[in-house]
Amino acid sequence: MKSKTIYKCGNCGYEASKWVGRCPDCSNWNTLEEVLVEAKKSGRAAAPRAIKKIARLKEVKASNSDRIVTGINEFNRVMGGGIVRDSITIITAKPGAGKSTLLLQVAADVAAGGLKVLYVSGEESESQIKSRADRLFESIETGVWVYSDNSMDNVLEVVGQIDPDLLIVDSIQTFVLEGFPGSRAGSPTQTMECANELLKLAKDPSRPRAVFLVGQMNKNEEIAGLRSLEHLVDAVLILDGDNEEELRGLSVSKNRFGSTWERGYFSMTESGLISIDNPSEFFMTVRDKNEQVSGSALTVVKDGSRPIIVEIESLVSKTFTPFPSRIGECVRREQLSTLISILEQRGKISLYDKDVVIKTTGGLKFKEPAVNLSIIMSIVSSVYDKDIPNSTVFISDVGLTGELKKVPSLELRIRELDRRGFKQVYIARNALLRSQDIKNIEIVECKSLQEVIRRVFQK
């Protein structure tokens, strides 16, 4: 069979019969690569492929009930209860965030349950993987196999030899298939074709297996390559966190077998990623019953399906520069400046000659307005140098008028406070439909920021 030469864009996949400097589809320069393809046979069309057996939807066995449940609770939460056996998942993160470490820990945990795991790396040698494993584990499970190569053809052959229940490929952009000469590793053609071969492997009805891919992250903090890669897989995991920080967050942007709003938390240590099974304890400072400090306030954030109690700390000090500092490690600077302006105008507290710094215990970053009242009250506490009782919590947004605003899932947040023994919570007036489940905590409804300040600091 004769071959012919075409030119394929490495960015968008556009095909042209001749080389051009600029891709007509995505307008990028010098992205067309020469690719050899087999010419189609002329004459009678080939016989149609055999049709697979048609099944009634009612009779199809669902794979959701057949999961590999690991001993890593936060990982299970994000995955929707565990790893589906015939699924393909991709995880991405910035370099050094810990994605390879997390997957090696998952591999060891799955192997401890009696299953076979094959860890394939196109970036590291077997000895490098072994060195990481020696650092993470006291003893290495015998059910974990490692293989270092950049040939996907060889990987598929090794899979046939070992027959693993879980296959981990790190990273998908480093592998090539020999059937596509002229395409380099990491190009859209090689990445998608390698991923398609792994998809067939995972979905084989005679031998289903779970496949995890590591995807490199580009400068836009997205998976490198075509968007088609995300459509191909069953789940997309994102591990975030700065290298110098201890906290890591694992979130899911796509999950065919679970919810897409769950988030798990891990602590990066010398022994790897440790699952934070009770985030509320991690994001609060443990103090004695009568030990109280100024500049501290508590709130409840809703992360995924669970409420998490978080401590906000503020420090207000006299500035020695013409322009006072506004530093917020947990919120955007614009949001902090807006809240300070509301406090000055509506709360009648002057901060024009004060530096304001806020942060959260544990380094959690906020993405919802329900924390705004707590941020303001922590600043007021620091200005007055008066403490707020450890049993008091604030859950409300604050408008530009100084009025308190409703927030979603308020009853769920208050029930968590009630369960954990807190005594008092401040919310917006008429924001809650009273629930019989809330019995022990005092709910203080206020209309404005001034009213909250007066109630808390009236003594």
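This is a predicted model: local features need pLDDT of at least 70, side-chain atom pairs count only at pLDDT 80 or more; totals for chains, interfaces and linings use all residues.
Let me start with strand 7, residues 117-121, and strand 9, residues 166-170, which run parallel and are joined by five bridges; strands here are DSSP runs of E with at least two residues, helices are runs of H or I with at least four, and both are numbered from the N terminus. One of the residues involved is V117, whose bridge partner in strand 9 is L166. Residues are numbered from 1 along each chain as its sequence is written, and side-chain values use heavy atoms, with hydrogens and water left out.

Those two strands belong to an open sheet of nine strands with mixed pairing, in the order 8-7-9-10-6-11-12-13-14, where two strands pair if DSSP finds at least two bridges between them. Its edge strands, each pairing on one side only, are strand 8 (144-148) and strand 14 (272-275).

Helix 2, residues 99-112, packs on this sheet and touches several strands, among them strand 6 and strand 7, with contact meaning heavy atoms within 4.5 Å. The direction of helix 2 makes about 160 degrees with that of strand 7; axes are lines fitted to C-alpha atoms, for helices over the stretch in contact, and angles run from 0 to 180 degrees between N-to-C directions.

A pocket is an open set of points on a 1 Å grid over the protein atoms alone, with protein on both sides within 12 Å along at least five of seven lines, whereas a cavity is a set where a 1.4 Å probe fits but cannot get out, and lining residues have an atom within 4 Å of a point. Grid points are joined across faces, edges and corners, and a volume is the space filled by probe spheres set on the points. Of the 37 residues that line the largest pocket, the closest to its centre are D240, G249, S251, R263 and K367.

Finally, the structure holds one cavity of 30 Å³ or more, and about 40 Å³ of space lies in the largest cavity. Its lining includes R67, M79, D234 and F257.
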